[in-house]
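Open the structure in your viewer and keep the selection tool at hand. We will go stop by stop.

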Amino acid sequence: MSPVLSVQNLSVAMKGASGIVPVLEHLSFDVAQGKTMALVGESGCGKSMTALAIMRLLPEDFVVTSGRVLLDGENVLAAAPQALRGLRGNKMSMIFQEPMTALNPLYTVGDQIGEVLRQHRGLGRRDATEQAIGFLKAVQIPAAEARVHAYPHQLSGGMRQRVMIAMALACKPKLLIADEPTTALDVTVQAQIFDLLSELQDDTDTAIVLITHDLGAVAELADDVAVLYAGRCIEKGSSQEVIAHARHPYTRGLMACVPHLHLGPAAANVQRELEEIPGMVPPLGARGAECAFLPRCAFAIDVCRAQPQPPLDVVDAHAAVSCWRHREIAP
Amino acid sequence: MSTMEAPRAREPSALPSRPAASPLAAMLRQFGRSPAGVIGAIVLLALVLITLLGPTFYGIDPLDLAGAPFTPPGADAWLGTDYLGRDILAGLIYGGRATLTVGGVAAVITIVIGVTVGALAGFFGGAVDTALVKLTEFFQILPSLLFAMVLVTLFGQTLTTITIAIGVVSWPTAARLTRAEFLRLRNLDFVKASRAAGAGNGHLILRVVLPNALPPIIVSATLAIGVAILFEGGLSFLGLGDPNTMSWGLMIGQNRNYVLDSWWTVTFPGAAIFIAVLAISLIGDGINDAINPRLRKRG
């Protein structure tokens, strides 16, 4: 079956005073119906730019320099403005990081969910509100009939994020992009939101692109994962495989940074201090052709310095990695 | 900190106890708590009522020669007569209609042009912004009184021309204000979220960004009425008023040569303008208090 979303060779660059600076380089991935693809990496690695590029919402100074984004076979990047508006909110939608600021403070949540339906389904105001109540129930907001008339400031962060999810899923989109949907929320609420997302996904068969730096969420929610570093995909594969058997030194480093809770006898053999990856992501414009992780990599050898970053090397059906030494590092 | 955390912990289970007040209703309630705003609103309402209902109680035509020229205030004419013998009180009542109408309509023109230009510039940015900012600056550097005088001289001394001239020279302030608000708002998440939900530019400008930009625009619209009234007074004072329509400014303008001998001819219309503009400024203050959360009193 053909994938719902196919990102092919996507590159994004920033137009600055000093010319064009690549932000995202040659990213490719597919997401099938009902599946979840996680994009992970630290801040500034291009995760959000990927999301915005797919939605065609890149900020003014950013341009797509190559590639295609196929949504159900249609190239989003070539869609005319009219067609694009028909896609957004309808076939593809997005949840933002900050539920506090992503809802319009002047309209009730019912109006805001209803607006999507009125635009894409041509519903009248009353029908839209009626359905909005149904969606509020679907995202498990108690007393939906009363809350449909609430303004965003009257809701907690978790509830606002549920409202955002209701808005995003109102038109049963093929693709949902969730840009760090839980970063601004309490840990307990985070778990609820992830549960909700995966329940709704089971019902609607929506493909999800989950942008996160929460590896726990990846393990729980994602079928596949792509690890981005400095705008390049350095490892991708099934989430189980990547988490259980990380091959790229950066991914391995990320895994080592995750705290694990060990109780009882197991606690005795656990190292006390958390690992960290020394150094910083190279800033925009300071990224050469060689492996971007090179300055921070404990495994770097001469070939890493002399050669440009290797293309993703397909290891098996479940994993691909971009590292000269991955066979030695993770045999 | 504790005051901020306490309600948050309750929030998830707390239901809105009464139907949520819309932001507009909340703003009106807040306005009711501002003494300045309430006083201003009462005074302005009184002025409007006087100009509307006055003729039924005070049946003298403002253009009739009702008595001897320069009759001082007294039993013959409550507020005296002017250099032609026209009744000052009648002039105030009828002139108020013209003056307040000019103020209101000119303010509407100011805001419509200003908000349109500012919204387009702020929302689209780039070349559109550059062009519109240049246009705004061009109008801003013209001496507005001189420019209005030229327009009135060219197109005739009628109330309509005067109103349009005032609107045309006053909009740059509103445009700059609106542009600044749009620049601030257009990159906020909820605007991006609306765009991601498929909203077009027209919807984003009119339904998403503009309502959020309204508070300062409302304040500036209120103040624009006062400015327009003063402007009309200034033009009339310089002899560029509409000689066929009584207005407060015209009364001052026509009697200005006699101010030293017959103080009442200009003092009363002057006071009327002062009171009207003051009332409008107080209303502006009241609205500003009502919509500016940092000035808002707790509780």
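Predicted model: local features only at pLDDT ≥ 70, side-chain atom pairs only at ≥ 80, totals over all residues.

**Stop 1: chain B**

Select chain B and color it by secondary structure. You will find 11 helices and zero strands. Read along the sequence, the pattern is α-α-α-α-α-α-α-α-α-α-α. Now show the C-alpha trace alone. Along its principal axes, the trace of chain B spans about 75 × 45 × 30 Å. Of the 299 residues in chain B, 44% count as buried. Then turn to contacts within chain B between residues at least 6 apart in sequence. Of these, 70% join residues at least 24 apart.

Stay in chain B and select Phe70(B). Phe70(B) sits in the loop between helix 3 (35-57) and helix 4 (88-124) of chain B. Check its backbone: phi is near 60°, a positive value in a residue other than glycine. Is Phe70(B) buried or partly exposed? Its relative accessibility is 29%, so Phe70(B) counts as partly exposed.

**Stop 2: where the chains meet**

Show both chains. Select the residues of each that touch the other. On one side are 33 residues of chain A, in contact with 28 residues of chain B. Between them the two chains bury about 2500 Å². Carbon and sulfur atoms hold 57% of that area. Next, pick out Phe96(A), Leu106(A) and Tyr107(A). In chain A, these lose the most area to chain B, together 19% of what that side buries.

Now look for polar links. Nine residue pairs are in polar contact between chain A and chain B, counting pairs with both residues at pLDDT 80 or more. Which elements of chain A give two or more residues to the side that touches chain B? They are strand 6 (92-95), helix 3 (109-121) and helix 6 (157-169) of chain A. Helix 3 of chain A gives the most, with four residues. Color the chain A side by residue class. You get 18 nonpolar, nine polar and six charged residues.

One salt bridge is found across this interface. Select Glu60(A) and Arg186(B) to see their side chains meet, N to O, at 3.3 Å.

**Stop 3: helix 6 of chain A**

Select helix 6 of chain A on its own. This helix has 13 residues. From first C-alpha to last, helix 6 reaches 18 Å, close to the 18 Å expected at 1.5 Å a residue. Helix 6 of chain A is mostly covered, with 13 of its 13 residues buried.

**Stop 4**

Go to Thr50(A), in helix 1 (residues 47-55) of chain A. Thr50(A) has a relative accessible area of 0%, so it is buried. Show what surrounds it. Leaving aside neighbours within four places in sequence, Thr50(A) is in contact with Leu24(A), Leu27(A), Phe29(A), Leu39(A) and Leu228(A).

Next, Glu180(A). Look in the loop between strand 7 (175-179) and helix 7 (187-204) of chain A. Phi of Glu180(A) is near 45°, a positive value in a residue other than glycine. Glu180(A) counts as buried because its relative accessibility is 8%.

**Stop 5: charged pairs**

Over all chains, the structure holds 16 salt bridges. Start with Asp111(A) and Arg125(A), whose closest N and O atoms are 3.4 Å apart. This pair links distant parts of the chain: Asp111(A) is in helix 3 of chain A and Arg125(A) in helix 4 (residues 125-138), 14 residues apart. Asp111(A) is partly exposed at 23%. Arg125(A) is partly exposed too, at 46%.

Move to Arg247(A) and Glu241(A). Their side chains meet in a salt bridge at 3.2 Å, N to O. Arg247(A) is buried, with a relative accessible area of 7%.

Now select Arg325(A), in the loop between strand 12 (319-321) and helix 12 (326-329) of chain A. Its side chain meets that of Glu328(A) in a salt bridge at 3.0 Å, N to O. Arg325(A) counts as buried at 18% relative accessibility, whereas Glu328(A) is exposed at 52%. Leaving aside neighbours within four places in sequence, Arg325(A) is in contact with Phe299(A), Ala300(A) and Ile301(A).

Last stop: select Asp72(A), Lys91(A) and Lys174(A). A network of salt bridges links these residues.

Key. Residues numbered from 1 in each chain as written. Chains lettered and ligands numbered in written order. Heavy atoms only, no water. Contact = heavy atoms within 4.5 Å. Buried area = accessible area lost by both parts, 1.4 Å probe. Salt bridge = Lys/Arg side-chain N within 4 Å of Asp/Glu carboxyl O. Polar contact = N/O pair within 3.5 Å; in protein donor to acceptor, adjacent residues only side chain to side chain. Nonpolar A, V, L, I, M, F, W, Y, C, P; charged D, E, K, R; others polar. Expected span 1.5 Å × (residues − 1). Buried < 20%, exposed > 50% of the residue type's maximum accessible area, 1.4 Å probe, protein only.
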